[in-house]
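Look at the charged side chains in the model below. Which of them pair up, and which parts of the chain do they connect?

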Amino acid sequence: MRTIAVKTASAAYPVFVGSGLLKTVPDKIRRQFGKGRRRVFVLTSPEIWALWGETLAAGFDEAPSVLFLPPGETYKRMAQIERLATEMADAGGDRASLLIAFGGGIIGDMGGFLAAIYMRGIPYIQIPTTLLAQVDSSVGGKTGANLATGKNLIGSFHHPQAVFADVSTLKTLPARELRAGLFESVKAGIIRDASLFRFLEKQSDLVLSGDEAALQKVIAASVAMKAEVVGIDERENGLRMILNFGHTVGHAIEAATGYKKLLHGEAVGWGMLAALELSRRRGVISEKEAARIETVIRAYGPLPAFRAKTSALLDAAGRDKKNKAGVRRFILTEGVGKSIVVEDVTDVELESIIDWTLAEAAR
């Protein structure tokens with residue numbers, strides 16, 4: 001087991017990465033919060049609870065109250081937050097309650113947001129069960145829900161008390177979900193961790209086969225990179241923006257396709273190719289480095305084809321959360337382990353890159 005410490009200006013907590021961690025959660029909760037009577041809620045999906053709920057619940061002295069959220073972006077909405085909060089209140093949830101977000105990225109985001117606003121804030125723990133959530137969304141304190149006009153446009157910073165990334169839970173993950181999660185680790189290598197990128201480059205067959213030791217290495221390295229960035233810039237005022245490499249166009253693709261065609265990691269994969277192409281056109285990266293990065297991105301595919309209108313992608317990109325006071329922020333790469341934030345991407349450039357991406361996706 002690896003333990004990575006996350007330390008920011010407002011919070012400090014451990015991220016545990018290993019195999020067979022679910023059965024250790026109840027004991028760690030008792031050690032951290034004491035043995036006093038505390039109502040524990042678990043937010044999860046019916047599918048995850050059916051697979052792993054018995055393992056998690058076995059160690060609790062009193063069975064936790066289980067809250068269910070169906071899978072899919074269509075359920076990542078405020079109506080569900082109100083429903084879940086009402087269920088907690090009806091079950092006797094108070095300010096001493098503890099919420100466990102047990103599932104993928106949507107469960108983690110919604111669980112964190114629910115914990116942030118219920119009784120004006122209660123503690124919560126993340127137990128991510130998808131690779132995407134383990135390497136990225138469970139760490140850093142971002143929580144939120146979607147609006148009809150865009151993704152994660154409502155939310156809060158609310159850090160978990162601990163994160164348990166149990167590699168064992170990935171055994172039941174479909175191959176497509178595994179690949180989608182790995183795009184976030186590829187991103188981590190591109191923007192800041194050259195050694196992680198080299199491992200993903202040289203050991204792609206081992207990683208894609210689901211080898212536990214290889215995945216544990218990838219998860220730990222991805223978390224360590226994000227922990228370092230978040231520790232420097234907790235609220236995304238500067239450096240943390242590099243974590244959005246590939247997300248400007250990626251989020252626009254998700255919105256334009258109704259969140260139904262691509263998994264989040266796949267949309268980010270396309271977004272990274274778009275950002276790489278813009279980096280090429282601007283001459284901030286050598287062709288040799290660009291070709292190397294593109295090869296690795298595509299190695300973790302295949303990226304699904306999709307169709308969308310340029311105007312829809314442009315409109316969605318215009319609502320990107322990184323944009324402030326009319327300034328469009330875009331993350332580019334100068335090479336493996338090097339990224340920059342630019343603020344002068346023109347409408348013409350963005351439209352051209354979107355057209356290029358759509359042409360690639362239609363091939």
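This report covers the salt bridges of a predicted model.

Side chains of opposite charge can pair when their charged atoms come close. A search of the whole structure finds 26 salt bridges.

| Pair | Closest N and O atoms |
|---|---|
| K151 and E73 | 3.2 Å |
| D344 and R282 | 2.8 Å |
| E349 and R282 | 2.8 Å |

K151 forms a salt bridge with E73. Because K151 sits in strand β8 (residues 150-157) and E73 in the loop between β4 (65-68) and α3 (78-90), the pair ties together parts that are 78 residues apart in sequence. Both K151 and E73 are buried.

R282 has a salt bridge with D344. This pair also links distant parts of the chain: R282 belongs to helix α11 (residues 264-282), while D344 lies in the loop between β11 (338-342) and α14 (347-361), 62 residues apart. The relative accessibility of D344 is 47%, so D344 counts as partly exposed. R282 has a value of 27% and therefore counts as partly exposed.

R282 also pairs with E349. Here helix α11, which holds R282, is linked to helix α14, which holds E349, and the two residues are 67 apart. With a relative accessible area of 22%, E349 is partly exposed; the cut-off for buried is under 20%.

Salt bridges can also share partners. In this way E277, R280, R281, E287, E294, R298, E360 and R363 are joined into one network.

How values were computed. Residues are numbered from 1 along each chain as its sequence is written. This is a predicted model: local features need pLDDT of at least 70, side-chain atom pairs count only at pLDDT 80 or more; totals for chains, interfaces and linings use all residues. Side-chain values use heavy atoms; hydrogens and water are left out. A salt bridge is a side-chain nitrogen of Lys or Arg within 4 Å of a carboxyl oxygen of Asp or Glu. Helices (H or I, at least four residues) and strands (E, at least two) are DSSP runs, numbered from the N terminus. Buried means under 20% relative accessible area, exposed over 50%, partly exposed in between (1.4 Å probe, protein chains only).
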